[in-house]
Amino acid sequence: MDIDNSSRAVPPERQFMRSLEGPDLTFEKPAQTGTSVPGKSVATRILVLEEHPLLRDGMTDFLNAQPDLKVCGEADNIRDARNEIAKCKPQLLITALRLGTGDSLEFVKALKAEKPGLLILVYSAFEEAIFAELTLRACADGYVMKNAPKEEFLAAIREILSGNIYVSRKVAMRAFKKMLESRPEHRSTPSAIGIEKLSDREMHIFHLLGSGLGNTQIADSLHLSVKTIESHRENIKRKLDLSCSRDLLACAKKYVEETFLPAAKGAFAMRGKKKVVSFPAA
């Protein structure tokens, strides 16, 4: 049944966005994939795939309230989603993990094979420790919990639009510990206790280093000075008990590659660019 948005004093679908409330994030990368012309910015086109009308309507309202985002289509099942993709040609697909029909992870895999340029953010109430990894292995660009703060939801979208992968800090930490348990012979990898001592900012810089970015690139992306980045690097080395910059870079690269990239070779080859795992930084 269609709902007349103009007749609702307090939209019930706002319950979805209320579950996304939380403290403001201190890090957000200003990025858009939409094209622009002099004096006018073109919003990024988004397709929302959600089987529950109230949640879908609430998410659409929230996204359309952002000046640089625009929902160009909605769908409640995979078949309709494919039709909408062909019709409105979205740049980003936001989809729930569980749909009314079909396997959403298989859908993501197939869609990425057909349209590698389409960005995909998956959200779910399922345990992120398990499903975030499965989602990334399906070649999605990010995973966010349904009960995440709305600021984190937006941060995930903007990180993905800037070419990065998004997972929560909790997922990153758990994946790192898992890697340590399975590869104890790598002494250049910091201990689980050491990695937990890093601040959000230091953890973010650690990921960027592992993704191949240099001090100047990191400084530009975080709007910090190169000197500040160098200071953070020294703190990271000290906390992880690494003796030199070479060990730091090797450790960071190993962490990013072994923790977040799919086991199958070339799973992200279609990207043609490095993938950076991001989460809010202090």
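Biologist: What pLDDT does the protein chain average?
Modeller: This is a predicted model, and the protein chain averages a pLDDT of 74, with 65% of the residues scoring at least 70. Over residues 1–33 the pLDDT is below 50, although this stretch has 75 contacts in the model beyond near neighbours in sequence. Residues 262–282 also stay under 50 in pLDDT, and for them the model has 66 contacts beyond four places in sequence.
Biologist: Why should I be careful there?
Modeller: Where pLDDT is low, the predicted coordinates should not be read in detail.
Biologist: OK, new topic: how do helix 3 and helix 4 pack?
Modeller: Helix 3, residues 78–88, and helix 4, residues 104–114, pack with their axes 12 Å apart and at an angle of about 20°. Angles under 35 degrees count as roughly parallel, and the two helices are therefore roughly parallel to each other. Helix 3 passes helix 4 in a right-handed crossing.
Biologist: And which residues meet there?
Modeller: From helix 3 there are Ile-78, Ala-81, Arg-82 and Ile-85, and they meet Phe-107, Ala-110, Leu-111 and Glu-114 of helix 4. The residues of this contact divide into 6 nonpolar, 2 charged and no polar.
Biologist: Where does Asn-77 sit, then?
Modeller: Asn-77 lies in the loop between strand 4, which covers 69–75, and helix 3.
Biologist: Is Asn-77 buried or exposed?
Modeller: Its relative accessible area is 15%, and buried means under 20%, so Asn-77 is buried. Asn-77 and Glu-50 are 27 residues apart in sequence, while their C-alpha atoms are 7.3 Å apart in space.

How values were computed: Residues numbered from 1 in each chain as written. Predicted model: local features only at pLDDT ≥ 70, side-chain atom pairs only at ≥ 80, totals over all residues. Heavy atoms only, no water. Axes fitted to C-alpha atoms, helices over the stretch in contact; angles between N-to-C directions. Helix = DSSP H or I, 4+ residues; strand = E, 2+ residues; numbered from the N terminus. Parallel < 35°, antiparallel > 145°, perpendicular 65-115°, else oblique. Left-handed = near helix turned anticlockwise from the far one by under 90°. Contact = heavy atoms within 4.5 Å. Nonpolar A, V, L, I, M, F, W, Y, C, P; charged D, E, K, R; others polar. pLDDT = per-residue confidence, 0-100. Buried < 20%, exposed > 50% of the residue type's maximum accessible area, 1.4 Å probe, protein only.
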